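Please keep the sequence and the coordinates in view while reading.

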Amino acid sequence: YRFFGEPVIKACVENGASYIDISGEPQFLEEMYLKYNTKAEEKGVYVIGSCGFDSVLADMGVLYTRDKLKGTLTAVESFLTVKSGPKGVGVHDGTWNSAVYGLADQENLKKLRKKIGYAPVPIVGAKLRRRPFVFYNQESKQYCIPLMGSDVSVVKRSQRYLYTELKQTPVQYSAYVNIGGLGSVIKTLIAAMIFFLLVKFSFGRKLLIKYPTFFSCGHITKQGPTQKQMDETSFTMTFFGEGYSEGQDPQNGKPNVKICTEVKGPEPGYIATPIAMVQSAVALLEDAACLPKLGGVYPPGAAFSKTKLVDRLTNHGVEFSVISKPEV
């Protein structure tokens, strides 16, 4: 999307067509907001990014958790688990390239956000604790690391919109991925160190892009996953939410209610993503009365918060459910 996405958005906005994509690139998504939000609003069209596995499921998962809590949800942590068969997980190198260019360009992303001038969002309730880079998750009985990608930035943009435009209580959010036992931790840390070191230099980026299979220990290929790999892969994203029961003031005292929800589905990149993309498009067409009144560039949670998208996804194999009901 960084290199090829903008002309499509430009054409759609100029010709009065709404648009969705499956981009997981924060810089592209936020730059399109800066460039096209006003034009899309004038044309009355909707430009909605991140309607694939990145990041509609995280965004709608937070809203689903909020809606199932009787009270005020103030913080959510999500934990992604990807299960695969004997052949392992396969990913196309296009996703890898997005990560390489995105991490290399972090400074420009910071400058872009300053240019946009996002309004600050208040922290309501207890501040969500900052976790170490690697930690043991008692619930999953696995070690975890932060989930790289667009989930956190997309959810924050949705929460900012819902707070500023609809006066809803903003929810703090952190995203993590379960990586397994100590052996997996060591492998992951070594691979991450090499990746982050190489991505800083032009020569290193060329190596990463030319030899993705080598640097990803065989997971990234120019062919993408085999049918067998896709058939044997699935995901679960578990959301742990906390907040305040009805009648309890979120500004006073500790959170006194918890909830656990889940989104689960088939292989994330090539089966769940098309499902999410198509159902987002259907929601855009059929739930038009529930969309924001004005056109513009939106993250999915902001655009689809009042639609039936969660039901549509659940009916097509990407299921949202409550694991443990709110407990005081």
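In β10, Val257 is the bridge partner of Gly243. The model is a predicted one, in which local features need pLDDT of at least 70 and side-chain atom pairs count only at pLDDT 80 or more, whereas totals for chains, interfaces and linings use all residues. Residues are numbered from 1 along each chain as its sequence is written, and side-chain values use heavy atoms, with hydrogens and water left out.

Strand β9 (residues 234–245) runs antiparallel to β10, and 10 bridges join the two; strands pair if DSSP finds at least two bridges between them. Helices (H or I, at least four residues) and strands (E, at least two) are DSSP runs, numbered from the N terminus. Strand β10 (residues 257–266) is largely enclosed by the rest of the structure, because 7 of its 10 residues are buried. Buried means under 20% relative accessible area, exposed over 50%, and partly exposed in between (1.4 Å probe, protein chains only).

Helix α6 (residues 151–166) has 16 residues and reaches 21 Å from its first C-alpha to its last, close to the 22 Å expected at 1.5 Å a residue; the expected span is 1.5 Å times one less than the number of residues. Its buried residues include Val154, Val155, Tyr161 and Leu162, and among them are also Arg157 and Arg160. Lys167, which follows α6, has a positive phi, near 60°.

The cysteines come next. The whole structure contains 0 disulfides, a disulfide being a pair of cysteine sulfur atoms within 2.5 Å. For Cys12, the nearest cysteine sulfur is that of Cys51, 13 Å away, which is too far for a bond. Cys12 is buried at a relative accessible area of 16%, and Cys51 is buried at 0%.

Charged contacts are found elsewhere: a search of the whole structure finds 12 salt bridges, each a side-chain nitrogen of Lys or Arg within 4 Å of a carboxyl oxygen of Asp or Glu. Lys10 and Glu14 form one of 2.9 Å, N to O; both residues lie in helix α1 (residues 6–14), 4 residues apart, about one turn of the helix. An α-helix has 3.6 residues a turn, so residues three or four places apart point the same way. Lys10 is partly exposed at 39%, as is Glu14 at 47%.

Asp287 forms a salt bridge with Arg312, the closest N and O atoms being 2.6 Å apart. Asp287 lies in the loop between α11 (268–286) and β11 (296–298) and Arg312 in helix α13 (residues 309–315), so the pair ties together parts 25 residues apart in sequence. Asp287 is buried at 7% relative accessibility, and Arg312 is buried at 16%.
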